[in-house]
Amino acid sequence: MKIIRSINKIQSLARELRQKNNSIGFVPTMGALHAGHLSLIKRAKAENDIVILSIFVNPAQFGKNEDLSKYPRTFKKDAQLAREGGADIIFAPSAKSVYPGNYLTFVEVGSLGDGLCGKFRPNHFKGVSTVVAKLLNIISPDALYLGIKDAQQAVLLKKMVADLNFPVIVRICPTVREKNGLALSSRNIYLNAKKRNEASVIYRSLKSAKNLAIKGERNPRRIISFISKSVKSGSKGKLQYVECVDFKTLEPLKRIEGNVLLAAAVFFGKTRLIDNIHFKIK
Ligand code: AMP
């Protein structure tokens with residue numbers, strides 16, 4: 001497995017690989033790899049000749065009071081996991097090379113970045129779409145692998161790829177969870193075992209809410225209030241939001257039908273966790 005830090009080097013290596021008829025699967029991450037990331041690498045490996053994994057803690061997607069400086073950086077361990085997981089190349093550029101001092105250009109995907117997490121993290125999705133657009137231009141992969149764990153990000157990036165005609169297939173992969181249901185996240189490192197167990201209430205609540213909808217509940221307000229009560233009564237977590245939106249447009253639903261996405265953000269102490277569940281109601 002190669003580790004490359006230079007944009008020019010990865011660009012020419014990717015070009016060379018494509019010229020030799022290798023297909024390239026690309027998995028963008030911020031590192032602190034866990035089994036969720038590894039599932040994306042595995043899928044990319046199964047569907048492509050070469051897997052490129054990027055590890056880049058993207059300053060443009062962190063707000064002023066967020067955890068950019070504290071975000072877990074575990075490069076040595078990541079490199080080992082990535083190698084064992086089947087990645088062929090790690091691309092890990094410096095922030096300075098991605099955003100030199102005179103940097104000016106940003107990508108925004110209309111209103112898709114405004115709701116859900118975007119309400120509480122202004123400019124977050126502008127940072128995400130910008131860095132992924134840059135990485136796609138640098139690597140020109142055949143396929144891009146994203147997790148539905150970050151549902152708003154996945155929907156928004158899929159739309160960016162379509163709107164800007166990036167010649168790449170977007171593959172959205174399922175969420176890998178702990179046995180208790182807690183979605184794996186790099187930020188789970190901040191929680192001890194007891195808190196991680198407590199945080200599993202998020203997914204349990206989303207699942208029960210989905211069952212209510214499947215059994216016939218069509219009122220989004222009642223579903224939202226059910227989730228919020230369930231999280232409050234089952235933990236000390238502080239809800240930032242619970243929403244019930246259309247899975248494609250991310251607009252709040254007036255009635256539970258079609259492609260439904262239930263999404264929540266909950267603080268456990270200073271650690272903000274997000275999770276979601278999606279389903280179809282005919
Ligand atoms: P991150 O390093 O948090 O930016 O995540 C990199 C990619 O891994 C994104 O596409 C995430 O949606 C995906 N991802 C994060 N957590 C999980 C998980 N538990 N299961 C599957 N994919 C995940």
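In this report a residue counts as buried under 20% relative accessible area, as exposed over 50%, and as partly exposed in between, with a 1.4 Å probe and protein chains only. By that scale Asn102, at 62% relative accessibility, is exposed. Asn102 belongs to the loop between α4 (95-98) and α5, where helices (H or I, at least four residues) and strands (E, at least two) are DSSP runs numbered from the N terminus. Its C-alpha atom is separated by 18 Å from that of Gln61, although the two residues are 41 residues apart along the chain.

The model is predicted, so that local features need pLDDT of at least 70 and side-chain atom pairs count only at pLDDT 80 or more, while totals for chains, interfaces and linings use all residues. Residues are numbered from 1 along each chain as its sequence is written, and side-chain values use heavy atoms, with hydrogens and water left out.

## The ligand and its shell

The ligand is surrounded by 16 residues, and the closest are His37, Gly147, Asp150, Val176 and Leu184; a residue is near a molecule if one of its heavy atoms lies within 4 Å of it. By class, the shell around the ligand divides into seven nonpolar, seven polar and two charged residues, where Ala, Val, Leu, Ile, Met, Phe, Trp, Tyr, Cys and Pro count as nonpolar, Asp, Glu, Lys and Arg as charged, and the others, Gly among them, as polar. At least two residues of this shell are supplied by each of β2 (24-29), α2 (35-47) and β5 (143-147), and the largest share, three residues, comes from α2.

The polar contacts listed below are pairs of N or O atoms within 3.5 Å; within protein, one atom must be able to donate a hydrogen and the other to accept it, and residues adjacent in sequence count only if both atoms are side-chain atoms.

| Residue | Protein atom | Ligand atom | Distance |
|---|---|---|---|
| His37 | polar side-chain atom | oxygen | 2.9 Å |
| Val176 | backbone N or O atom | nitrogen | 2.9 Å |
| Leu184 | backbone N or O atom | nitrogen | 2.9 Å |

Taken alone, the ligand exposes 480 Å², of which the protein buries 93%, with accessible areas from the Shrake-Rupley method and a 1.4 Å probe; for residues, only the protein chains shown count as cover.

## Aromatic rings and charges over them

Five aromatic pairs are found in a search of the whole structure, where rings of Phe, Tyr and Trp (its six-membered ring) pair if their centres lie within 6.5 Å, and planes under 30 degrees apart count as stacked, over 60 as edge-to-face and the rest as tilted. Tyr99 and Tyr103 have ring centres 5.2 Å apart and planes at 90 degrees, so this pair is edge-to-face. Tyr99 itself is buried, with a relative accessible area of 16%. The pair formed by Phe120 and Tyr241 is instead stacked, at 5.8 Å centre to centre and with 10 degrees between the planes. Because Phe120 lies in helix α5 (residues 117-120) and Tyr241 in strand β7 (residues 238-246), this pair ties together parts that are 121 residues apart in sequence. Phe120 is partly exposed at 37% relative accessibility, whereas Tyr241 is buried at 8%.

One aromatic cluster is formed by Phe56, Tyr99, Tyr103 and Phe106. Over the face of Phe106 lies Lys126, at 5.0 Å from the ring centre, and the charged end of Arg5 sits over the ring of Phe75, 4.6 Å from its centre; a charge sits over a ring if NZ of Lys or CZ of Arg is within 6 Å of the ring centre and within 35 degrees of the ring normal.

## Backbone and strand positions

Most residues other than glycine have a negative phi. Ser140, which is not a glycine, has a positive phi near 50 degrees, and Ser140 is found in the loop between α6 (124-139) and β5, partly exposed with a relative accessible area of 31%. Leu250 likewise has a positive phi, of about 65 degrees; Leu250 is in the loop between β7 and β8 (258-268) and counts as buried at 8% relative accessibility.

Ile281, in strand β9 (residues 271-281), is buried with a relative accessible area of 7%, and its C-alpha atom is separated by 7.3 Å from that of Val260, 21 residues apart along the chain. Ile55, in strand β3 (residues 50-55), is buried at 9% relative accessibility; Ile55 and Ala79, 24 residues apart in sequence, are 9.6 Å apart in space, C-alpha to C-alpha.
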